[in-house]
Amino acid sequence: MPDSTAPSFFVSYSHHDADWRAALFDRCIATTSGDCLVWSDAQLRAGDAWCPQIEAQLAACSVAVLLVSPNFLASSFIRERELPLILARAAAGTLRIVWIPIALDRDTLPGSPLFRRNLLFYRDTALVTMPVAIATQSAIASFFPPSVVRRIGVEGPAVSGHFGYVESPTNAPVRNVVAVLPGSDPKLRGQYVAIGAHADHVGIIGDPVDHDSIRAFNAVARPRGADDPPPRQVTDSQWILIRALIDSLHRAHGGPRLDSIANGADDDGSGTVLALEIAEAFAKGKRRPARSLLFVWHAAEEQGLYGAQYFSDHPTVSRDSIVAQINMDQMGRGGAEDAPPDGLNSMVVLGARRLSSELGRIADSVNGQPRYQFHMDRSFDQPGDPSHGWCRSDHYMYARYGIPVLFFVSAVWYIDYHMVSDEPQYINYPRLAKVGNYIHDVTAQVANLPHRPVVDGARPDPRGACIQ
Ligand SMILES: [Zn+2]
């Protein structure tokens with residue numbers, strides 16, 4: 001983004017959050033010349049009096065700096081009018097954009113729900129092709145001091161700025177953990193079947209919360225945990241149920257138990273321990289598989305698949321020698337206590353036939369054994385599925401390079417998803433063991449296949465945006 005100077009005018013709106021009002025001056029900002037600076041807020045509704053002004057500005061400008069509130073997708077105006085306009089003009093090359101979601105300082109912490117929601121959005125949409133910088137309210141306040149701010153429709157003084165960034169190492173560096181079990185066939189051991197899971201989770205949530213209150217509330221009003229937005233309304237009868245549940249849990253546990261650590265026992269402690277178990281089973285087995293096995297415990301999946309992205313960009317074996325990748329995420333839930341939407345003994349599978357129909361057939365034939373017979377739920381693999389599961393875990397970073405993948409999820413959601421209550425006492429261990437045996441057997445089949453799984457599906461663009 002070049003330096004730019006432009007006259008500006010400001011459009012006012014009111015925000016529901018007092019902190020935000022103070023931080024963002026109650027104003028929408030748009031310039032009148034070829035460059036524009038636009039503030040869009042989640043409270044906007046298509047049809048609001050000044051939406052046409054924003055649209056007109058965006059239609060006329062050639063370079064835009066967009067300041068958006070982090071929950072901007074709640075706005076029907078942004079979703080239905082502004083975003084399509086921006087994306088179309090950006091795709092046509094007639095508008096250059098820097099997209100800056102503004103977050104309260106506390107909300108920019110990696111792992112905060114707002115930060116994550118933003119990351120997922122940019123990763124999963126065409127916006128990934130635009131420069132995006134998340135700015136804190138204090139940074140924005142210094143760019144736009146009150147002296148340059150005006151009321152709705154009033155032209156303000158010129159503003160100028162420079163957009164750039166500095167790369168600096170993170171405070172908490174992490175590593176992928178990689179292990180190889182050499183194959184037994186001299187001709188095939190130069191090829192690898194990769195098995196992966198992610199070793200990170202979402203960290204510390206901030207203010208401690210009561211473990212049992214979270215579970216009681218979610219059981220009644222937020223069944224998918226953090227995958228459900230916080231409910232706007234909880235009815236009186238729901239509150240009665242929630243309070244009764246909390247009381248009984250507190251009685252059983254001797255009162256509230258405060259916690260601020262999101263342990264991630266299922267997400268993805270379960271996948272990481274299964275990878276260890278599978279490695280041990282193969283290492284101790286009578287006969288090693290023909291191909292070598294490549295185990296990767298990925299870092300920073302929750303931050304945006306960074307560990308898997310790094311490994312697939314810089315693999316420790318030649319990328320072409322990886323014949324398939326099997327990813328495991330959330331493998332320990334989905335028993336009766338979680339009331340899985342697709343029934344007991346169901347398992348979610350994604351990607352099974354996207355790159356290699358042969359790999360999908362192998363997974364199905366192993367599942368045909370009497371001891372497995374999972375009901376494979378493929379609904380999350382459908383193109384355009386709103387859960388964006390295909391783009392949301394490490395396997396995608398392999399698939400984008402044309403490596404066939406299988407992505408298994410034992411429970412896509414449950415009340416403890418991304419909550420402090422994702423703890424090991426809620427893992428269904430018999431189910432986890434069954435799932436682990438199944439993935440072990442699928443791995444063995446692929447590793448012993450005389451030829452590498454045939455790639456007959458469309459290869460994604462490794463540098464493009466992920467398309468569900
Ligand atoms: Zn996960």
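Leu245 is found in helix α7, where helices (H or I, at least four residues) and strands (E, at least two) are DSSP runs numbered from the N terminus. This is a predicted model, in which local features need pLDDT of at least 70, side-chain atom pairs count only at pLDDT 80 or more, and totals for chains, interfaces and linings use all residues. Residues are numbered from 1 along each chain as its sequence is written.

**Leu245 and its surroundings**

- Leu245 is partly exposed, because 17 other C-beta atoms lie within 10 Å; a residue is buried with 20 or more such atoms, exposed with 12 or fewer, and partly exposed in between, with C-beta atoms placed from the backbone.
- Setting aside neighbours within four places in sequence, Leu245 is in contact with Ala216 and Ala219, contact being C-beta atoms, placed from the backbone, within 7 Å.
- Ala219 is 26 residues from Leu245 along the chain, and their C-alpha atoms are separated by 9.1 Å.

- Helix α7 has 18 residues and reaches 26 Å from its first C-alpha to its last, close to the 26 Å expected at 1.5 Å a residue; the expected span is 1.5 Å times one less than the number of residues.
- The count of buried residues among the 18 residues of α7 is zero, so this helix is hardly covered.
- Gly254 follows α7 and has a positive phi, near 70°.
- The axes of α6 (residues 211-221) and α7 (residues 236-253) come within 9 Å and cross at roughly 145°; axes are lines fitted to C-alpha atoms, for helices over the stretch in contact, and angles run from 0 to 180 degrees between N-to-C directions.
- On the α6 side, the residues that meet α7 include Asp212, Arg215, Phe217 and Val220, while those on the α7 side include Gln238, Leu241, Leu249 and His253.
- By class, this contact of α6 with α7 has 10 nonpolar, four polar and two charged residues; Ala, Val, Leu, Ile, Met, Phe, Trp, Tyr, Cys and Pro count as nonpolar, Asp, Glu, Lys and Arg as charged, and the others, Gly among them, as polar.

**The seven-stranded sheet**

- Seven strands form an open sheet with mixed pairing, in the order β8-β12-β9-β13-β16-β14-β15; two strands pair if DSSP finds at least two bridges between them.
- β8 (177-181) and β15 (375-377) stand at the edges with a single partner strand each, so one side of each has no neighbour in the sheet.
- On average, neighbouring strands of this sheet are turned by 25° against each other, direction ignored.
- β8 and β12 (residues 292-298) run antiparallel and are joined by five bridges, with Val180 opposite Leu294 in β12.
- β9 and β13 pair in the parallel sense over five bridges, and Gly196 has Asn327 in β13 as its bridge partner.
- β13 and β16 (residues 405-409) run parallel with four bridges between them, and Ile326 stands opposite Leu406 in β16.
- Seven of the seven residues of β13 are buried, so this strand is largely enclosed by the rest of the structure.
- Helix α8 (residues 265-284) lies across β8, β9 (192-198), β12 and β13 (322-328), running at about 145° to β9.

**The chain as a whole**

- The protein chain has 12 helices and 16 strands.
- Of its 468 residues, 40% are buried.
- Among contacts in the chain with a separation of 6 or more, 82% are between residues 24 or more positions apart.

Technical notes: Contact = placed C-beta atoms within 7 Å.
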